[in-house]
Amino acid sequence: MGSTRKTAVVTGVLFLVTEVAAIGGLVLYGPVLHDTGYVLGPGADTRVFLGALCELVLALAVIGTGVALYPVVKRQNEGAALGYVCGRLLEAAVIVVGIISVLSVVTLRRESAGAPGGDAASLVTAADALVAIHDRTFLLGPNFVLGANTLVLACLMYRSRLVPRPLAALGLIGGALICASATAVLFGLYEQVSDAGTLAALPVFAWEVGLAIRLLAKGFTGAEGSGEPAQLANTCEKWAASPETVGGHSLAPR
């Protein structure tokens with residue numbers, strides 16, 4: 001298995017991990033996100049800790065996709081490839097802020113349980129503020145920043161034909177749609193966790209899962225061992241190719 005094929009497999013696995021971890025974290029966080037009295041009750045701390053672990057895995061996998069893809073996509077456009085890595089780092093950083101805010105609710109609940117007679121209203125207000133921080137990180141990270149990152153990667157894939165163009169087009173649609181949906185949520189048109197929000201997130205979900213399956217099954221189009229024709233970027237690599245490779249038109253050296 002060549003190095004590019006290994007990169008495709010690793011990237012595909014990481015994309016699948018991001019999907020599973022994101023869904024797992026959202027489900028496990030349920031009690032602390034939806035129960036305003038969580039900070040005053042017995043709490044489901046173990047479940048919340050598992051959710052935080054899922055989101056930590058999500059953040060690491062998000063960074064991993066950017067790092068793994070960089071050596072491949074930089075051949076097409078090094079600036080955009082570097083931007084994608086930085087965007088994934090930003091997305092992971094925002095996710096970590098959300099993890100800290102949720103874990104802070106658990107800490108607040110535990111400390112208030114050890115000091116009976118505290119101001120219940122103040123505790124609930126503080127916990128609600130921390131949950132609100134998580135909700136905003138969820139809006140900014142896995143929506144706005146994810147949408148921008150998806151547009152960059154899908155554009156690179158579309159122009160380079162590293163994956164079939166219909167798949168890359170799905171990424172372009174999904175990235176634009178989730179950014180538009182995040183804007184609608186920001187201005188209060190509907191809730192992020194709602195039917196409309198879910199429908200808007202489906203194309204980008206389908207893009208990431210489809211990309212993962214494609215990379216695991218066949219790798220990059222034109223990569224070593226793929227059995228498909230190479231698609232070189234418009235660089236000196238392409239100019240150095242033979243006229244037969246580039247079709248004999250003006251890109252070949254004269």
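Rings of Phe, Tyr and Trp, the last through its six-membered ring, count as a pair if their centres lie within 6.5 Å. By this rule the count of aromatic pairs comes to zero. The views below show a predicted model.

**View 1. Packing of helix α6 against helix α7.** Helix α6 covers residues 165–186 and helix α7 covers residues 195–217. Their axes come within 8 Å and cross at roughly 150°. Angles over 145 degrees count as roughly antiparallel, so α6 is roughly antiparallel to α7. The crossing of the two helices is left-handed. From α6, the contact is made by Leu167, Ala168, Leu170, Gly171, Gly174, Leu177, Ile178 and Ser181. From α7, Gly197, Ala200, Ala201, Pro203, Val204, Ala206, Trp207, Gly210, Leu211 and Arg214 take part. By class, the contact of α6 with α7 has twelve nonpolar residues, five polar and one charged.

**View 2. Packing of helix α5 against helix α7.** Helix α5, residues 120–160, packs on α7 at an angle of about 45°, and the two axes are 12 Å apart. This angle makes α5 oblique to α7. The crossing of α5 and α7 is left-handed. Leu146, Thr150, Leu153, Ala154 and Met157 of α5 make the contact with Val204, Trp207, Glu208 and Leu211 of α7. The residues of this contact divide into seven nonpolar, one polar and one charged. Val204, Trp207 and Leu211 of α7 are among the residues in contact with α5, and these three residues also take part in the contact with α6.

**View 3. Packing of helix α3 against helix α5.** The axes of helix α3, residues 45–73, and α5 come within 13 Å and cross at roughly 20°. Angles under 35 degrees count as roughly parallel, so α3 is roughly parallel to α5. The crossing of α3 and α5 is left-handed. Glu55, Leu69 and Val73 in α3 meet His134, Leu153, Leu156 and Met157 in α5. The contact of α3 with α5 consists of five nonpolar residues, one polar and one charged. Leu153 and Met157 of α5 are among the residues that meet α3, and both also belong to the contact of α5 with α7.

**View 4. Arg165 over the ring of Tyr158.** The charged end of Arg165 sits over the Tyr158 ring, at 4.3 Å from the centre of that ring.

How values were computed. Residues numbered from 1 in each chain as written. Predicted model: local features only at pLDDT ≥ 70, side-chain atom pairs only at ≥ 80, totals over all residues. Heavy atoms only, no water. Axes fitted to C-alpha atoms, helices over the stretch in contact; angles between N-to-C directions. Helix = DSSP H or I, 4+ residues; strand = E, 2+ residues; numbered from the N terminus. Parallel < 35°, antiparallel > 145°, perpendicular 65-115°, else oblique. Left-handed = near helix turned anticlockwise from the far one by under 90°. Contact = heavy atoms within 4.5 Å. Nonpolar A, V, L, I, M, F, W, Y, C, P; charged D, E, K, R; others polar. Phe/Tyr/Trp six-rings, centres within 6.5 Å; stacked < 30°, edge-to-face > 60°. Lys NZ or Arg CZ within 6 Å of the ring centre and 35° of its normal.
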